[in-house]
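Thanks for coming, everyone. I'll walk you through one structure today, helix by helix. Please bring it up on your screens.

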Amino acid sequence: MPLLPGAEPFRRDGGEVGVLVCHGFTGSPQSVRPWAEYLADRGLTVSLPLLPGHGTRWQDMQLTTWQDWYAEVDRELRALSERCTKVFVCGLSMGGALALRLAARHGDAISGVAVVNPGNKVHDAAAPLLPVLRHLVRSTKGIASDIAEPGAEEVGYDRVPLHAAYSLRRFFQQVDAELPGVTQPLLVMTSPQDHVVPPVDSERILSRVSSTDVRQTLLERSYHVATLDYDAEQIFRDTFAFITRLAPEARAATAEEGAAASGGA
């Protein structure tokens, strides 16, 4: 199937500090591409994969599970680790949960985690019925484009396949059990007004991780897809500041790149 416009994966080689960016459930790289491009423009090596079953049509997602989505980001992380001396993981929504599981399982191979409105639980009242309901109903209404800024749109599915929703629920349960294994520095950016993932998910994550270097930013003007919303620039700046605080060599590489660009002008 052809990809939806903007759903293409994004990769750019830069310096020795790498960043893996993970998009969300039924979404695509388009929703976090500006985040990835901001970091790449500052000299970081950035990878933003397209998760299996995403970016085409919702029926394709029916055939995938959380194990497929996690395997994709795990492969990208390993590739970045071979290329870079330090690696950070970032994610939006389910992408945040993917990033947290990577952190729990890869330990010191990850230098820090930055997540935006990370998911921890499927809150829909029908969620306990998904084991049966998914065999009776193929899909339900979509969750894409929860954005406060007029005119901003997320490239994602207009339907949620229930087989995939069932797998997402199991994935969140798996990640919740593994959160105490997250020890890396953690930046959590949360929208108080989020119609997809309530702020209680961020609070649950913050209460269960073992990280001692923890920071939280509130995205007061944005809804769920904050990376395309009013607070996008704050997310980008805070993430870069978080990374360069922990990996000062990233800021040095940025300065060198800027000097080279000025010299060539």
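Start with helix α4, residues 94-106, and helix α6. They pack at an angle of about 40°, and their axes are 10 Å apart. The crossing of α4 past α6 is left-handed.

Who meets whom? From α4 come Met94, Ala97, Leu98, Leu100, Arg101, Ala104 and Arg105. Facing them in α6 are Leu168, Phe171, Phe172, Gln174, Val175 and Glu178. Sort the residues of this contact by class and you get nine nonpolar, one polar and three charged. An α-helix has 3.6 residues a turn, so residues three or four places apart point the same way.

A word on the model before I go on. This is a predicted model. The average pLDDT of the protein chain is 92, and 92% of the residues score at least 70. One stretch needs care. Over residues 258-262, pLDDT stays under 50. The model gives that stretch zero contacts beyond four places in sequence. Where pLDDT is low, predicted coordinates should not be read in detail.

Back to α6, residues 162-178, which also packs with helix α3. Here the angle is about 60°, with the axes 9 Å apart. α3 and α6 are therefore oblique to each other. On the α3 side, the contact is made by Trp66, Gln67 and Trp69. On the α6 side, it is Ala164, Ser167, Leu168, Arg170, Phe171 and Gln174. By class, that is five nonpolar, three polar and one charged.

Stay on α3, residues 66-83, and find aspartate 74. Is aspartate 74 buried or exposed? Its relative accessible area is 12%, which is under 20%, so aspartate 74 is buried. What does aspartate 74 contact, leaving aside neighbours within four places in sequence? Leu102 and His106.

Helix α1, residues 33-41, and helix α8, residues 232-246, have axes that come within 10 Å. They cross at roughly 45°. That makes α1 oblique to α8. The crossing of α1 past α8 is right-handed. α1 brings Pro34, Trp35, Tyr38 and Leu39 to the contact. α8 brings Glu233, Ile235, Phe236, Arg237, Thr239, Phe240 and Ile243. The count for α1 with α8 is eight nonpolar, one polar and two charged residues.

What is buried in α1? Arg33, Trp35, Ala36, Tyr38, Leu39 and Ala40. After α1 comes glycine 43, with a positive phi near 90°.

That brings me to backbone angles. Most residues other than glycine have a negative phi. Two residues here go the other way. Threonine 26 has a positive phi of about 65°, although it is not a glycine. Threonine 26 sits in the loop between β2 and α1. With a relative accessible area of 2%, threonine 26 is buried.

The second one is serine 93, with a positive phi near 60°. Look for serine 93 in the loop between β4, residues 86-92, and α4. Serine 93 is buried too, at a relative accessible area of 10%. And with α4 we are back where we started. Over to you for questions.

How values were computed
Residues numbered from 1 in each chain as written. Predicted model: local features only at pLDDT ≥ 70, side-chain atom pairs only at ≥ 80, totals over all residues. Heavy atoms only, no water. pLDDT = per-residue confidence, 0-100. Contact = heavy atoms within 4.5 Å. Axes fitted to C-alpha atoms, helices over the stretch in contact; angles between N-to-C directions. Helix = DSSP H or I, 4+ residues; strand = E, 2+ residues; numbered from the N terminus. Parallel < 35°, antiparallel > 145°, perpendicular 65-115°, else oblique. Left-handed = near helix turned anticlockwise from the far one by under 90°. Nonpolar A, V, L, I, M, F, W, Y, C, P; charged D, E, K, R; others polar. Buried < 20%, exposed > 50% of the residue type's maximum accessible area, 1.4 Å probe, protein only.
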